[in-house]
Amino acid sequence: MAELFAYTDGACSGNPGPGGWGALLIAREGDKVLKERELSGGAAETTNNRMELMAAISALETLERPSRLTVVTDSAYVKDGITKWLLGWKRNGWKTASKKPVKNEELWRRLDEAQARHEVSWEWIKGHAGHPENERADELARMGMAPYKG
C-alpha cells in the first residue's frame with residue numbers, strides 16, 4: 001500500500017518580512033515514488049512561523065480525500081504546537097500557559113481543522129541537514145517568497 005508524505009518548510013527574509021512556504025507531497029510504495037506534487041506560496045509581510053504553518057496547512061488542505069499521511073517539518077514550533085500545545089490552548093480559550101493570547105491563533109485553528117479530516121503523523125527533522133525532500137521544500141518556500149522580495 002502506498003504511503004503519503006508531506007515535506008513542509010517556510011522561509012522569511014527578515015522576521016517579519018517577505019516570506020514563502022513550500023510543500024512537497026510524495027506517494028511512495030517502498031522506495032518507489034508513485035506520485036509527487038509541489039506547492040508553494042508567500043506573503044509580502046509575514047514571519048517564519050506563519051510560513052511554516054502555511055506550508056503544513058496547504059499540504060493538508062490540498063488533499064481531496066481523507067488520507068493517512070506523515071507531515072515532515074523542520075519546525076519544532078509546528079510539530080510541538082500541533083502535538084503538544086494545541087489541546088491546552090483550546091482548553092484555555094486560546095491562551096498560553098502564561099495566560100497570553102496564542103500567537104497565530106487563526107492559523108493554528110486552520111491547521112487543526114485541516115488535520116482533523118486526516119490521520120496525520122508528525123515528524124520533525126533537522127533543517128538544512130542534507131535531507132533531499134526537506135531541501136526541495138525549502139527551495140519551494142524560497143520560490144514562494146521570490147515575488148515578494150524587493
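Is Trp 89 buried or exposed? Trp 89 is buried, because its relative accessible area is 10%, under the 20% cut-off. This is a predicted model. The chain holds four helices and five strands. Its radius of gyration is 15 Å, which agrees with the value near 15 Å for a compact globule of 150 residues. Five aromatic pairs turn up in a search of the whole structure.

**Fold and dimensions**

- The order of elements along the sequence is β-β-β-α-β-α-α-β-α.
- The C-alpha trace spans about 50 × 40 × 30 Å along its principal axes.
- Of the contacts with a separation of 6 or more, 68% join residues 24 or more positions apart.

**Burial, surface and charge**

- Of the 150 residues in the chain, 49% are buried.
- The accessible surface of the chain is about 8200 Å².
- Carbon and sulfur atoms contribute 49% of that surface.
- The chain carries 22 positive and 22 negative charges.

- Tyr 77 and Trp 108 form an edge-to-face pair, with 5.2 Å centre to centre and 65° between the planes.
- Tyr 77 sits in helix α2 (residues 76–91) and Trp 108 in helix α3 (residues 105–116), so this pair ties together parts 31 residues apart in sequence.
- Tyr 77 and Trp 108 are both buried.
- Trp 89 and Trp 108 also pair edge-to-face, at 5.1 Å centre to centre with 65° between the planes.
- This second pair links distant parts of the chain, with Trp 89 in helix α2 and Trp 108 in helix α3, 19 residues apart.

**Aromatic cluster**

- One aromatic cluster is formed by Tyr 77, Trp 85, Trp 89, Trp 94 and Trp 108.
- Trp 108 takes part in the pair with Tyr 77 and in the pair with Trp 89.
- Trp 108 counts as buried because its relative accessibility is 0%, against a cut-off of 20%.
- Trp 89, another member of the cluster, has a relative accessible area of 10% and is buried too.

Note on methods
Residues numbered from 1 in each chain as written. Predicted model: local features only at pLDDT ≥ 70, side-chain atom pairs only at ≥ 80, totals over all residues. Heavy atoms only, no water. Helix = DSSP H or I, 4+ residues; strand = E, 2+ residues; numbered from the N terminus. Rg over C-alpha atoms; globule rule 2.2 N^0.38 Å. Buried < 20%, exposed > 50% of the residue type's maximum accessible area, 1.4 Å probe, protein only. Contact = heavy atoms within 4.5 Å. Areas by Shrake-Rupley, 256 points an atom, 1.4 Å probe, with all protein chains shown as cover. Lys, Arg positive; Asp, Glu negative; His and termini not counted. Charge placed at Lys NZ, Arg CZ, Asp CG, Glu CD. Phe/Tyr/Trp six-rings, centres within 6.5 Å; stacked < 30°, edge-to-face > 60°.
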